[in-house]
Amino acid sequence: MTITIEQPHLDAIADRKVAGGGGGDNAAELVLDGGFVVPDSNAFGNAFRNYEAESERKETVEEFYRVNHINQTYDFVRRMREEYGRVDKTEMGIWECIELLNEFIDDSDPDLDMPQIEHLLQTAEAIRKDFPDEDWLHLTGLIHDLGKVLLHPSFGELPQWSVVGDTFPVGCAFDECNVHFKYFKENPDYLNPKLNTKFGAYSEGCGLDNVLMSWGHDDYMYLVAKENKTTLPSAGLFIIRYHSFYPLHKHGAYMHLMNDEDKENLKWLHVFNKYDLYSKSNERIDVEKVKPYYMSLIEKYFPAKLRW
């Protein structure tokens, strides 16, 4: 059975969440004044996404980005998309995949060192509290990081530099707002005249669907969702593929590659990002209590078994 999901309208939700509705083009700002309170610091007592703060994870995170920036090339991404886009590694349900993530901690994340299932549930529950009617967004929060199963032996046990971390386009110039930009200078594409200009292999307004992103869990989960014919709206798929694309949604870089649909979906990504980033804490979620609700959403938007 196919379920048709109407594309959500952010402006209408903003009107419901803010007294008087508010005006202007930046609907995301209206929603960000909602009930979720941004904490002052991460689980280590530092500002969120502070890559210079002295902490026990600083050296691990910087070394991660050094290796990542050297190895994420245009040709590498094409090979990985070809291999993993076949979704022929295994078959399993969404919740089975969530449970696999209990074994992993993200080396690129300066804000949290807990198993991934904690972050998924924290994100989803924070969204659910502020957006009770947007069940597609709750589910997107729950599954957005499931591509990290690439770290598991069943999926090739890929190194962390090819699974996690901030993402960025390959095939065009690396923007200087990328974290630890200096390490891109050792990337073979950095000196390739076909790939190191503003547009490189692309054209203005070509649309992000036509742009290769650095390979990792975002793009992999996006491919898995599409190949398994999810009925999530396009905004949900956009969030899954670009939630680690901080150069875009934090700094506004690479907007010259976006089309009109990308710009609309970016509003939802700005909403989502607050919950993805700032809901990380050492507070535990009662998994068994919330599991039935999320199982109902999985059944609504995905088949029982997915090809991965």
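## Asp-276 in helix α11

Asp-276 is part of helix α11, which spans residues 260-278. The structure described here is a predicted model. With a relative accessible area of 6%, Asp-276 is under the 20% limit and is therefore buried.

Leaving out residues up to four places away in sequence, Asp-276 touches His-119, Thr-123, His-144, His-243 and Tyr-246. Its side chain also makes a polar contact of 2.8 Å with the side chain of His-119.

## His-243 between two helices

His-243 belongs to the loop that lies between α9 (234-242) and α10 (246-249). The relative accessible area of His-243 is 2%, so this residue is buried.

When neighbours within four places in sequence are set aside, the residues in contact with His-243 include His-144, Asp-145, His-217, Leu-269, Phe-272 and Asp-276. Asp-218 is also one of the contacts of His-243, and the side chains of these two residues are joined by a polar contact of 3.2 Å.

## The annotated binding site

An unreviewed UniProt entry assigns the feature "binding site" to His-119, His-144, Asp-145, His-217, His-243 and Asp-276. Among these positions, His-119, His-144 and His-243 are touched by Asp-276.

## Helices α7 and α12

Helix α7 (residues 135-143) and helix α12 (residues 287-301) have axes that come within 10 Å and cross at roughly 105 degrees.

On the α7 side, the contact is made by Asp-135, Trp-136, His-138, Leu-139 and Leu-142. Helix α12 contributes Tyr-293, Tyr-294, Leu-297, Ile-298, Lys-300 and Tyr-301. The residues of this contact comprise eight nonpolar, one polar and two charged.

How values were computed:
Residues are numbered from 1 along each chain as its sequence is written. This is a predicted model: local features need pLDDT of at least 70, side-chain atom pairs count only at pLDDT 80 or more; totals for chains, interfaces and linings use all residues. Side-chain values use heavy atoms; hydrogens and water are left out. Axes are lines fitted to C-alpha atoms, for helices over the stretch in contact, and angles run from 0 to 180 degrees between N-to-C directions. Helices (H or I, at least four residues) and strands (E, at least two) are DSSP runs, numbered from the N terminus. Contact means heavy atoms within 4.5 Å. Ala, Val, Leu, Ile, Met, Phe, Trp, Tyr, Cys and Pro count as nonpolar, Asp, Glu, Lys and Arg as charged, and the others, Gly among them, as polar. UniProt positions are given in the numbering used here, feature names are shortened, and annotations may be inferred rather than shown by experiment. Buried means under 20% relative accessible area, exposed over 50%, partly exposed in between (1.4 Å probe, protein chains only). A polar contact is a pair of N or O atoms within 3.5 Å; within protein, one must be able to donate a hydrogen and the other to accept it, and residues adjacent in sequence count only if both atoms are side-chain atoms.
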